[in-house]
Amino acid sequence: MERANPESLRADLAHGHSRIIWLMDELDAHLEGLASDPTGAEFIVEAFQAYWTQFSDDLREHIREEEQDLFPLVRLHATDSDLSGLQGLQDEHARLIGDLDAFDVIADSFFAAPKGQNVSLVAKLQNLMESIRVHLVEHSRNERRFLRDVETRIADTCLT
Ligand SMILES: [Fe+2]
Ligand SMILES: [Fe+2]
């Protein structure tokens, strides 16, 4: 097997979700602004749209990298119990992608609706954002625990 680059593998295993969480906080703040003044300033809508695009792109890319680069490496050294843990993480990824797709549908309607006629969509977006947050926090916790558990074994076999 080709030897892994120790520093990049360690960085992958220790990866965090802090930027994604920060973008989610910005989205919540902008949604709250839109909820309190739904017909308000266009710049809030524009900023919200920019943050949403960044958040959705970053989370999809993060998941894609884990599925394509990190998880195959873990699978090479996995025990049966690791494999079931890994499947659980992949199921959580699929749920998050489903959340992003659902948000995209409502967000598209929100951005397309004439000003003042998109008020009811803000509450829907807030509910969807809350659901994304719950799923992402749960996934972060599970993924961190899983990677911490397998790190020593993988490090022993590929990082020396
Ligand atoms: Fe992750
Ligand atoms: Fe993940």
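Q: Which exposed residues does the face of H2 turned away from its buried side carry?

A: Let's start with the ground rules. This is a predicted model, in which local features need pLDDT of at least 70, side-chain atom pairs count only at pLDDT 80 or more, and totals for chains, interfaces and linings use all residues. Residues are numbered from 1 along each chain as its sequence is written, while chains are lettered from A and ligands numbered from 1 in the order in which they are written. On H2, the face turned away from the buried side carries the exposed residues Ser 18, Trp 22, Asp 25, Glu 32 and Ser 36.

Q: And which residues of H2 are buried?

A: They are Leu 27, His 30, Leu 31 and Leu 34. These residues lie on the same side of H2 because they cover an arc of only 105 degrees around the axis, the arc being that of the directions from the helix axis to the C-beta atoms.

Q: How many helices and strands does the protein have?

A: Helices (H or I, at least four residues) and strands (E, at least two) are DSSP runs, numbered from the N terminus. Here there are 5 helices and 0 strands, so the pattern read along the sequence is α-α-α-α-α.

Q: Which residues have the most contacts inside the largest nonpolar core?

A: A nonpolar core is a set of buried Ala, Val, Leu, Ile, Met, Phe, Trp, Tyr and Cys residues joined through C-beta atoms within 7 Å. The largest one here has 13 residues, and Leu 27, Phe 48 and Trp 52 have the most contacts inside it. H2, H3 (42-76), H4 and H5 (119-158) each supply at least two residues of this core, with the largest share, 5 residues, coming from H3.

Q: What is Phe 48 in contact with, leaving aside its neighbours within four places in sequence?

A: Two residues are in contact if their C-beta atoms, placed from the backbone, lie within 7 Å. Phe 48 is in contact with Leu 27, His 30, Leu 31 and Leu 34, which are the buried residues of H2.

Definitions and conventions:
Buried ≥ 20, exposed ≤ 12 C-beta atoms within 10 Å, placed from the backbone.
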